[in-house]
Amino acid sequence: MWSGPPQPDQGLPPPLAAVPVPWKSTDPCQGHRESPGALVETSAGEEAQGQEGPAATQLDVLRLRSSSMEIREKGSEFLKEELHRAQKELKLKDEECERLSKVREQLEQELEELTASLFEEAHKMVREANMKQAASEKQLKEAWGKIDMLQAEVTALKTLVITSTPASPNRELHPQLLSPTKAGPRKGHSRHKSTSSALCPAVCPAAGHTLTPDREGKEVDTILFAEFQAWREAPTLDKTCPFLERVHREDVGPCLDFTMQELSTLVRAAVEDNTLTIEPVASQTLPAVKVAEVECSSTNTCALSGLTRTCRHRIRLGDSESHYYISPSSRARITAVCNFFTYIRYIQQGLVRQDAEPMFWEIMRLRKEMSLAKLGFFPQEA
């Protein structure tokens, strides 16, 4: 009697449908399956293998897991080494970039400093060249002025210095050398000794010096001559000495007293210090100076008198670049005072080798010129 399908716990083999049936590769010419007996044996062998399969599989899985962990560990270590090496290389490259950046900044700074120093040096050279050019032009201008002044002084010396040598005697100092018509009265005319006192020498009681009156009737003021004698023994430009104090009070001050009081004071100081320059306006052929030049007044207005006059000359005070146009009358007054100071400077320096009387009369002549110039008399060529 059939009691149904066998249960698995009875130790029976599983049904055939549950057991895989392997097929053997046969020769194509055979074309038939194996026998059922062979299938039974195969099933029995596989059943035995089926009992050992889970353990082997588990072992293989463990082996795979262990090998996978080893691979992961080795891969992790390798990656860490590569990362560490890459970080070191990156750090070296960063340091190299930083060093190159510092070098670049240093080069840029040095280049800027060099450029700045070159520009500064160039500006300095240009400035020095301009200053030297201006100084040279100024010296040239002053040299021309000094040449004109020296020429005028030489001309004045020729007329002021009265000397007598055997080769060229001065006939005015030696009347015996004059021609008979000039030495005495004409024939047929006689003069009584009492009326010829004009030809006799006079004695200055104050100075103890013998003075010869001039043929034109000039007479020596004994007080003035005594003051001159005292000054001549120790020539000085100090205004406190009686001789120069009188000349400053009576002649120099009034002659240089112009309408423009402030400029008059400056002109007087420049004349006394010998730092005043007079330049003709018509002969301005010198090169133009690049330094800013202040032109005071105009050629139609005198800077000293303030009157409308044609100004042919201008004055410059000291080293100043300012110029002041002056009229012929003002120029004559300044020139008269300059001639006086020039002559007394020559006496102080020992350039005038004369006796006291010719020196005295020359000073009186210069004082006369200052008085005439103050009154408005001046030569037409001024």
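User: Where should I start with this model, and how many helices and strands does the chain have?

Analyst: Start with the elements: the chain has seven helices and six strands. Keep in mind that this is a predicted model. Following the sequence, the order of elements is α-α-β-β-α-α-α-β-β-β-β-α-α.

User: What share of the residues of the chain count as buried?

Analyst: Of the 382 residues, 23% count as buried. The chain's accessible surface is about 27900 Å², and 57% of that belongs to carbon and sulfur atoms. For contacts with a separation of 6 or more, 63% are between residues 24 or more positions apart.

User: Let's look at one residue. Which helix holds Trp231, and is Trp231 buried or exposed?

Analyst: Trp231 sits in helix H3, which spans residues 222–233. Trp231 counts as buried because its relative accessibility is 3%, with the cut-off for buried being under 20%.

User: Which residues does Trp231 touch, leaving aside those up to four places away in sequence?

Analyst: The partners of Trp231 are Thr236, Cys241, Phe243, Leu244, Ile344 and Ile347.

User: Now strands. What is the general idea for reading the side chains of a strand?

Analyst: In a regular strand, side chains alternate between the two faces of the sheet. Here, strand E6 (residues 323–326) shows both faces covered. His323 and Tyr325 are buried on one side, and Tyr324 and Ile326 are buried on the other.

User: How many bridges join strand E5 to E6, and do the strands run parallel or antiparallel?

Analyst: Strand E5 (residues 313–317) runs antiparallel to E6, and three bridges join the two. To find your place in the pairing, look for Arg314, which stands opposite Tyr325 of E6. The hairpin of E5 and E6 has five residues between its strands, and there Gly318 takes a positive phi near 65 degrees.

User: How many disulfides does a search of the whole structure find?

Analyst: The search finds zero disulfides. The way to read this is through the sulfur distances, since a disulfide needs two cysteine sulfur atoms within 2.5 Å. For Cys255, the closest cysteine sulfur is that of Cys338 at 9.6 Å, so the two are too far apart for a bond. The sulfur of Cys302 has its closest cysteine sulfur in Cys311, at 5.4 Å, which is also too far for a bond.

User: Are Cys255 and Cys302 buried or exposed?

Analyst: Cys255 counts as buried at 0% relative accessibility, and Cys302 is buried with a relative accessible area of 1%.

User: On to charges. How many salt bridges does a search of the whole structure find?

Analyst: There are 16 salt bridges.

User: Which other residue meets Glu250 in a salt bridge, and how exposed are the residues involved?

Analyst: Arg249 also meets Glu250 through their side chains, at 3.6 Å from N to O. Arg249 is partly exposed, with a relative accessible area of 46%. Glu250 is partly exposed too, at 36% relative accessibility, whereas Arg367 is buried at 9%.

User: Finally, which residues make the nonpolar surface patch of about 280 Å²?

Analyst: That patch is made by Leu140, Trp144 and Ile147. Trp144 belongs to helix H1 (residues 36–160) and is partly exposed, with a relative accessible area of 45%.

Notes: Residues numbered from 1 in each chain as written. Predicted model: local features only at pLDDT ≥ 70, side-chain atom pairs only at ≥ 80, totals over all residues. Heavy atoms only, no water. Buried < 20%, exposed > 50% of the residue type's maximum accessible area, 1.4 Å probe, protein only. Helix = DSSP H or I, 4+ residues; strand = E, 2+ residues; numbered from the N terminus. Contact = heavy atoms within 4.5 Å. Areas by Shrake-Rupley, 256 points an atom, 1.4 Å probe, with all protein chains shown as cover. Pairing = 2+ DSSP bridges. Patch = residues over 30% accessible without salt bridge, like charges linked within 9 Å, V, L, I, M, F, W, Y side chains within 5 Å. Salt bridge = Lys/Arg side-chain N within 4 Å of Asp/Glu carboxyl O.
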